[in-house]
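Student: I would like to work through this model step by step, asking about one part at a time. Could we begin once it is on the screen?

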Amino acid sequence: MRPEDVLLVWCTCPADAAGRLAEALVGERLAACVNRIGPVQSTYRWQGAIESASETLLAIKTTAARYAELEARLRELHPYEVPEILATPVLGGLPEYLAWVRGSVE
């Protein structure tokens with residue numbers, strides 16, 4: 001197996017939704033682990049206006065094989081109309097950790 005089959009998925013959300021999202025993704029075996037980082041301050045353009053928000057950043061570890069299901073579930077559970085969901089391939093990592101991620105979402 002290649003390291004690239006493991007993904008790090010980034011998603012921002014309101015602080016009060018972070019725990020619920022993390023538990024659902026791990027509980028449903030769509031993610032091996034979700035780190036909740038925050039608060040983070042986000043500045044963005046939405047519907048023509050510059051907005052700012054205090055959010056929690058989720059660092060979600062999953063595999064490419066489970067990504068489509070994870071994305072669909074995040075879209076279903078997330079309170080935002082258009083949630084930030086960005087997937088980054090892992091180019092390297094401790095082989096034992098990468099194997100644990102794979103095994104946790106199979």
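Predicted model: local features only at pLDDT ≥ 70, side-chain atom pairs only at ≥ 80, totals over all residues.

Student: In which hand does α1 pass α2?

Tutor: In general, two packed helices are described by the angle between their axes and the distance between the axes. For this pair there is also a hand to report, and the crossing of α1 past α2 is right-handed.

Student: Which residues in α2 are met by R20, L21, A24 and L25 in α1?

Tutor: The contact of α1 with α2 holds six nonpolar and two charged residues, with no polar ones. On the α1 side stand R20, L21, A24 and L25, and the residues they meet in α2 are L70, R73, L74 and L77.

Student: What is the order of the four strands in the open sheet?

Tutor: As a general point, strands of a sheet pair through backbone hydrogen bonds, either parallel or antiparallel. Here the pairing is antiparallel, and the edge strands, each pairing on one side only, are β2 (33-46) and β4 (86-89). Neighbouring strands are turned by 30° against each other on average, with direction ignored. Read across the sheet, the order is β2-β3-β1-β4.

Student: Over how many bridges do β2 and β3 pair?

Tutor: Strand β3, residues 49-63, also pairs with strand β1, residues 6-13, in the antiparallel sense and over eight bridges. Within β3, K61 is the bridge partner of L8 and also of C33, while A53 stands opposite S42. For β2 and β3, which again pair in the antiparallel sense, the number of bridges is twelve.

Student: Where do the helices lie on the sheet, and at what angle does α2 run to β3?

Tutor: Helix α1 lies across β1, β2 and β3, and its direction is about 130° to that of β2. Helix α2, in turn, lies across β1, β3 and β4, and its angle to β3 is about 145°.

Student: Which strand gives the most residues to the lining of the largest pocket?

Tutor: The largest pocket holds about 260 Å³ of space. Its lining includes T12, S42, Y44, W46 and E55, as well as Y80 and P83, and by class the lining residues divide into five nonpolar, two polar and three charged. With three residues, the strand that gives the most is β2.

Student: Which peptide bond is cis, with omega near 5°?

Tutor: Most residues other than glycine have a negative phi, and most peptide bonds are trans, as a general rule. The bond in question, with omega near 5°, runs from G38 to P39.

Student: Which residue takes a positive phi near 50° in the hairpin of β2 and β3?

Tutor: A positive phi of about 60° is found at R29, although R29 is not a glycine, and R29 sits in the loop between α1 and β2. The hairpin of β2 and β3 has two residues between its strands, and the residue there with a positive phi near 50° is Q47.

Note on methods:
Residues numbered from 1 in each chain as written. Heavy atoms only, no water. Left-handed = near helix turned anticlockwise from the far one by under 90°. Contact = heavy atoms within 4.5 Å. Nonpolar A, V, L, I, M, F, W, Y, C, P; charged D, E, K, R; others polar. Pairing = 2+ DSSP bridges. Axes fitted to C-alpha atoms, helices over the stretch in contact; angles between N-to-C directions. 1 Å grid on protein atoms, 1.4 Å probe; cavity = no way out; pocket = protein on both sides within 12 Å on 5 of 7 lines; lining within 4 Å. Points joined across faces, edges and corners; volume = space filled by probe spheres on them.
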